[in-house]
Amino acid sequence: MQPRVLLADDDRAIRESLLRALELESYEVTEVTDGVAALAAARRDRFDVLILDVMMPGVDGLGVCRVLRADG
């Protein structure tokens with residue numbers, strides 16, 4: 001089974017670059033463009049790793065971490 005990664009970044013160029021690199025290493029990647037979508041995806045599915053941009057619109061990466069930790 002492939003490790004699953006949630007990739008959240010609002011910068012398309014960075015997101016696509018990381019996506020290609022991770023897929024070349026056989027990771028299954030779900031990509032989202034903001035913190036709200038990251039929270040929704042993390043609550044809906046299970047991921048082995050979350051890669052979060054610190055400065056995203058809506059909820060930033062640190063906010064996503066805080067909310068998910070508070071959720072347990």
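Which residues is Arg4 in contact with, leaving aside its neighbours within four places in sequence? They are Glu28, Thr30, Asp45, Arg46, Phe47, Asp48 and Val49, where contact means heavy atoms within 4.5 Å. The model is predicted: local features need pLDDT of at least 70, side-chain atom pairs count only at pLDDT 80 or more, and totals for chains, interfaces and linings use all residues. Residues are numbered from 1 along each chain as its sequence is written, and side-chain values use heavy atoms, with hydrogens and water left out.

- Arg4 is found in strand S1; helices (H or I, at least four residues) and strands (E, at least two) are DSSP runs, numbered from the N terminus.
- Arg4 counts as buried because its relative accessibility is 18%; buried means under 20% relative accessible area, exposed over 50% and partly exposed in between (1.4 Å probe, protein chains only).
- S1 and S2 run parallel and are joined by five bridges; two strands pair if DSSP finds at least two bridges between them.
- Opposite Ala8 stands Val32 in S2.
- A right-handed β-α-β unit is made by S1, helix H1 (residues 12–24) and S2; right-handed means that, with the strands pointing away from the viewer, the path from the first strand over the helix to the second runs clockwise.

**Nonpolar cores**

- The largest nonpolar core has 11 residues: Leu6, Ala8, Val32, Ala38, Leu39, Ala41, Ala42, Phe47, Leu52, Met56 and Val64. Such a core is a set of buried Ala, Val, Leu, Ile, Met, Phe, Trp, Tyr and Cys residues joined through side-chain atoms within 4.5 Å.
- At least two residues of this core come from each of strand S1 (4–8) and helix H2 (35–44), and H2 gives the most, with four residues.
- Val64 touches Gly35, Ala38, Leu39, Leu52 and Val59, not counting residues up to four places away in sequence.
- Leu7, Leu19, Leu22 and Val29 are among the five residues of a second, separate core.

**Helix H2**

- Gly35, Ala38, Leu39, Ala41 and Ala42 are the buried residues of H2.
- Viewed down the axis of H2, these buried residues fall within an arc of 170°, so they line one face of the helix; the arc is that of the directions from the helix axis to the C-beta atoms.
- Val36, Arg43 and Arg44 are exposed on the other side of H2.
- The cover over the buried residues of H2 includes S1, strand S2 (28–32), strand S3 (49–52) and helix H3 (61–71).
- The N-terminal end of H2 is capped by Asp34, with a side-chain oxygen 3.1 Å from the backbone nitrogen of Val36.

Notes. A polar contact is a pair of N or O atoms within 3.5 Å; within protein, one must be able to donate a hydrogen and the other to accept it, and residues adjacent in sequence count only if both atoms are side-chain atoms.
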